[in-house]
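Dear colleague,

Please find the structure below. My notes on it follow.

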Amino acid sequence: MKLTYTPPDQEVLQRLQRVLNCHPVIAGLLADKGITTADEAKFFLNPDYSRLSNPFKLKDMSKAVERIYTAVTNKEKILIFGDFDADGVTATAMLYQFLSLVEADLSWYVPHRTKEGYSLQLPHIEMAVSMDVDLIITVDCGIGSHEAVQAAAREDIDVIITDHHEPDTTIPNAFAVINPKQADCSARLEYLAGVGVAFYLIMGLRKVFRENGVWEQFPEPKLSEYLDLFTIGTIGDMVPLVLDNRTLCVAGMKRIRMGLRPALVSMARTSRVDMNKLDSDDISFKIVPMLNAAGRISHARICVSHLTCPAPAQTETTAALLDELNRKRRLIEKEIVEDIERRIAGDPSILENRLIVLWDSKWDASVLGIAASRLARKHVCPVVLLNSKENIAKGSCRSINEINIHEILSETRDLLETFGGHAMAAGLSVRKENLTRLKPALADILALVCTEKDFKPIRKIDAVIEIPDITPELVSQIDLLRPFGTGNPEPVFLMENIWVVSSIIIGGCHRKMTLRDQSGEHQVEALHFNLSDTTCLPDFFSKLMVKLKVDRFKQNCVQVIVQDI
C-alpha cells in the first residue's frame with residue numbers, strides 16, 4: 001500500500017490558524033482542500049445561501065420552467081419519471097411534492113430495475129399515451145433515451161430531461177435538456193447529483209411561479225423544506241460534497257436532525273440511529289442502503305411513497321419493510337462475493353490483466369454493482385459482473401483510483417448493447433455471444449491508458465499526529481468540516497511508533513485497545529472494527545492510520561477508530 005502525505009504550506013497554515021483561531025491540524029486540513037484565504041475558510045466552515053449558483057445558468061432551464069408553468073396553468077397531465085436508486089427516488093419525491101403544492105395534474109413513475117431496466121424507454125411512452133400525459137419530466141435519467149423521446153414527440157408529448165449522467169456525443173431531441181455535463185452548459189455545476197439538478201429546477205420554478213402570481217393562490221414553500229431529500233440523494237449518489245453541494249448538505253443535515261419528515265424519523269429509529277446526532281456516515285451506511293434495497297430486491301416505488309407519506313404510523317411499517325429488504329440484499333450480495341472468491345482461489349487467471357470480468361445466470365443482477373464495489377476494493381482492479389440468464393446479459397462495473405470506467409466502456413461500444421454511468425461506476429448490457437470477447441477488449445484499452453501506479457492501493461494521509469494531539473477540542477473542530485463524503489473525505493491521520501498496552505476482543509471480531517506512545521507518558525483508547533483474524537494480534541505499530549470521532553455515548557470523549565495498519 002502506498003501512503004501519500006503532502007505537508008501544508010506553512011505560510012498558508014499559519015495565516016489560517018491566525019484568522020480562524022483554530023487548531024493547526026484544522027488549518028492544515030483546510031489548506032489541503034485548496035483553501036488559502038480567510039474568506040474561503042469562513043465560507044467553507046459556515047456556508048450560506050448567498051453564494052448559490054443561479055439556476056438559470058443551466059442550459060435549457062428557462063425553456064423548461066416556462067413549459068412546466070404552462071402545463072400547470074392549463075392543467076395538462078404531467079408525469080414525473082424517476083430512477084430506482086436513492087438519488088432517483090429522492091428527486092422524484094422532491095419534484096412531486098413541489099408541484100403538488102400548486103395542484104398540478106400530476107403523477108409519478110419509477111421503473112422496475114430488472115423487469116423494465118434503466119431510464120425512459122419505448123414501453124413507457126406507450127404507458128404515457130394510455131394515461132393521456134402531455135408532459136414527461138425525467139429526473140436522474142433520460143440523457144440516453146433517444147428513441148423514447150422521439151416516440152413521445154410522435155405522440156405529441158413533450159419531454160423535459162433533467163439528468164446528471166455522462167451524455168453521449170448526441171443529446172436526445174427533447175423539449176428541454178437540463179444536464180450540467182452537457183458540453184455547451186456553462187453553469188459549472190457538473191458535481192450535482194440527479195436530485196441536485198431537480199432541486200435547481202425547483203429553484204427556477206419557484207421564481208417563475210412568483211413572477212406570474214402563482215404564490216398569490218398557494219403558500220410559497222421555502223427551499224429548505226426540500227434539503228433533507230437533497231442531502232440524502234446527494235450523499236447517496238457519492239457526488240463531490242463541494243461548493244453548492246456542501247452548502248446545501250450542511251443545511252440539509254440540520255433539516256434532517258429536526259425530524260420533520262416522518263419517513264426519515266422512522267428509518268433512523270429502525271436503524272437504531274439517534275436522530276439528533278445523525279451524520280453523513282449514518283446516511284451513507286444506514287439510510288441510503290435501505291432506500292437502494294427496495295429498488296434492488298423489490299420495487300423502488302415503495303421509497304417514493306414512503307418519502308412523501310405524512311403519516312408516522314404508516315412510515316414505521318414501511319421502514320421495517322425496507323430494513324428487511326436490506327438484510328435480504330446483504331445476504332444475496334454476500335453469496336455472490338463468496339462465489340466469486342471461490343472461483344478466484346481455484347483459478348488465479350481470473351485476475352489477469354488487472355481486470356475481473358465474470359458472468360453467471362444465477363446471479364441477481366440487482367446487487368451486482370455492490371458486489372463489484374467490494375471486489376474492486378479488495379483486488380484493486382476494475383470489476384465487471386453480469387447476469388447471463390437472458391440472451392442479453394446485464395450487469396454493473398466498478399472502477400478504482402483514477403481509472404475512468406465510463407470512458408473505457410465507450411471504447412468497446414461495438415461489443416455493448418447499452419452502457420451508461422460515471423467514471424467510477426456504470427451499467428452495461430452485452431449479447432451472450434460477445435461475453436468472451438469483452439474482457440480482452442477491455443484489457444487492451446486498460447493497457448493503453450493505465451500504468452502500474454494506477455493499480456496501486458493508495459491511502460492519503462491528511463496529517464501526522466501524536467497521542468497528546470488527540471483532544472475533544474480537536475475532534476469538535478473536525479466536526480465543523482462535516483458532512484464528509486466524496487470530494488470532502490473524512491480526514492485520516494497517521495500515528496507512528498505506537499504500543500498496545502492492553503486489548504480485548506468484543507463482539508467476536510472487534511479489538512478494543514489502550515495505546516501508548518514512544519515516551520510511555522501518553523495513552524488513548526482505540527477501536528479496530530471487523531478484524532479478519534483475531535488470533536495473531538500485534539502489540540506494536542510502526543504506522544497506524546486512524547480517524548477521530550466524537551463519542552456519541554460519552555460527552556466530551558474522543559473515539560479513535562483504526563483504519564489500517
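The structure holds 0 disulfides, a disulfide being a pair of cysteine sulfur atoms within 2.5 Å. This is a predicted model, in which local features need pLDDT of at least 70 and side-chain atom pairs count only at pLDDT 80 or more, while totals for chains, interfaces and linings use all residues. Residues are numbered from 1 along each chain as its sequence is written, and side-chain values use heavy atoms, without hydrogens and water.

The closest cysteine sulfur to that of C309 belongs to C303 and is 13 Å away, too far for a bond. C309 is buried, at 9% relative accessible area; buried means under 20% (1.4 Å probe, protein chains only). C397 is likewise in no disulfide, with the nearest cysteine sulfur, that of C381, 12 Å away. C397 counts as buried at 0% relative accessibility.

An open sheet of 5 strands (DSSP runs of E, at least two residues) has the order β3-β2-β4-β5-β6, with parallel pairing; two strands pair if DSSP finds at least two bridges between them. β3 (105-109) and β6 (176-178) stand at the edges with a single partner strand each, so one side of each has no neighbour in the sheet.

With kind regards

Key:
Helices (H or I, at least four residues) and strands (E, at least two) are DSSP runs, numbered from the N terminus. Buried means under 20% relative accessible area, exposed over 50%, partly exposed in between (1.4 Å probe, protein chains only).
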